[in-house]
Amino acid sequence: MDNASYLNELFGMNGQVAVVIGGAGALGLCLSTGLGKNGAKIVVADMSEDRCKEAVAKLTEHGIEAIYKTVNVTSKESLVELREEALKLTGQVDMLVNCAGINVGNNFLDVDADKWDAIMAVNLKGTMLSCQVFIESMLNNKDGGAILNIGSVNSARPLSRVFAYAASKAGVVNLTRNIAQEFGAQGIRCNAICPGFFPAEQNRKLLDEERVRNIMNGTPMHRYGDPNELIGAAILLLSKKAGSYITGAPFYVDGGFTASWF
């Protein structure tokens, strides 16, 4: 076996199906592209049909087989419809990636209860519901399945002005570990990527001069992450062979931020 064949045996995803919730967003589309280039068929799921269509078009440009279905992650009924459509069109879902998330910045005394509830509903409840819905079908798979949730450096370390987001992401890691414990014996693995600072539309407005300085001082690599730098971790954690004994792991991709207590 040559080197390329060996790596493909370890990490390859040919013929497998990945449902990427939040797949039309910057992070979701990046991970969809990485998984698709690695051989997976992609089901893009997001709120906006127009954004889903744009995402599928971009994936198709890369030669990736992709379809889409709109979804509301706070609705179990909507997630069940997504699952049934994915199963109808692809036959089996091997991988679930939960990328849907929202954030609002506030000082603690200004935290609005309704906004808190909205963030929890999407980031934590949505992750729980999607895991619940897709585990039901993965239990019928001969070889189980793999789930990748999105945590954050906030899952381990508190940061100012993102109280609801941080609490939700700490909850995502705890949920991930509980799912891993509950379903490991049935062939279902559940892990979480915990990204460091990857500037995007939802958090860029929080990056004032002082915050940027603190982030850079606390990040040993002294730079932001690029979304493409998350792809390798995602492929490892979702791969059937290379990641076969990894479950319940919060996998930090943060330039060393969680290793540096400043």
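This is a predicted model: local features need pLDDT of at least 70, side-chain atom pairs count only at pLDDT 80 or more; totals for chains, interfaces and linings use all residues.
Residues are numbered from 1 along each chain as its sequence is written, and side-chain values use heavy atoms, with hydrogens and water left out. Helices (DSSP runs of H or I, at least four residues) and strands (runs of E, at least two) are numbered from the N terminus.

An open sheet is formed by seven strands in the order β3-β2-β1-β4-β5-β6-β7, with parallel pairing. Two strands are taken to pair if DSSP finds at least two bridges between them. β3 (66-70) and β7 are the edge strands, each pairing on one side only. On average, neighbouring strands of the sheet are turned by 20° against each other, direction ignored. Axes here are lines fitted to C-alpha atoms, for helices over the stretch in contact, and angles run from 0 to 180 degrees between N-to-C directions.

Within the sheet, strand β1 (residues 17-21) pairs with strand β2 (residues 41-46) in the parallel sense over five bridges. In this pairing V20 stands opposite V44 of β2. Strand β5 (residues 145-150) is joined to β6 in the parallel sense over six bridges, and L148 stands opposite N191 in β6.

Burial was assigned by relative accessible area: buried means under 20%, exposed over 50%, and partly exposed in between, with a 1.4 Å probe and protein chains only. Strand β6 (residues 188-195) is largely enclosed by the rest of the structure, because eight of its eight residues are buried. In a regular strand, side chains alternate between the two faces of the sheet. Both faces of β6 are covered: I188, C190, A192 and C194 are buried on one side, and R189, N191, I193 and P195 are buried on the other.

V253 belongs to the edge strand β7. V253 is buried, with a relative accessible area of 16%. Contact is defined as heavy atoms within 4.5 Å. Not counting residues up to four places away in sequence, V253 touches I193, C194, P195, G196, F198, E229, L230 and A233. One of these, G196, is 57 residues from V253 in sequence, yet the two C-alpha atoms are 6.0 Å apart in space.

Two packed helices are described by the angle between their axes and the distance between the axes. For α4 and α5 the angle is about 40° and the axes are 10 Å apart. The crossing of α4 past α5 is right-handed, that is, the near helix is turned clockwise from the far one by less than a right angle. On the α4 side the contact is made by K76, L79, V80, L82, R83 and L87, and on the α5 side by G126, L129, S130, Q132, V133, F134, E136 and S137. By class, the contact has seven nonpolar, four polar and three charged residues. In this scheme Ala, Val, Leu, Ile, Met, Phe, Trp, Tyr, Cys and Pro count as nonpolar, Asp, Glu, Lys and Arg as charged, and the others, Gly among them, as polar.

T127 also lies in helix α5 (residues 113-138). T127 is buried, at a relative accessible area of 6%. Leaving aside neighbours within four places in sequence, the contacts of T127 are N98, V122, N149, V172 and L175.

Side chains of opposite charge can pair when their charged atoms come close. With a salt bridge defined as a side-chain nitrogen of Lys or Arg within 4 Å of a carboxyl oxygen of Asp or Glu, the count comes to six. R83 and E84 form one of them, with the closest N and O atoms 2.8 Å apart. R83 is buried at 10% relative accessibility, whereas E84 is partly exposed at 39%. E136 also forms a salt bridge with R83, the closest N and O atoms being 2.7 Å apart. This pair links distant parts of the chain, with E136 in helix α5 and R83 in helix α4 (residues 76-90), 53 residues apart. E136 is partly exposed, with a relative accessible area of 42%.

A further salt bridge is formed by the side chains of D94 and K240 (3.5 Å, N to O). D94 lies in the loop between α4 and β4 (95-98) and K240 in the loop between α8 (231-238) and β7 (250-253), so the pair ties together parts 146 residues apart in sequence. D94 is buried at 6% relative accessibility, while K240 is partly exposed at 38%. Through shared partners, salt bridges join R83, E84 and E136 into one network.
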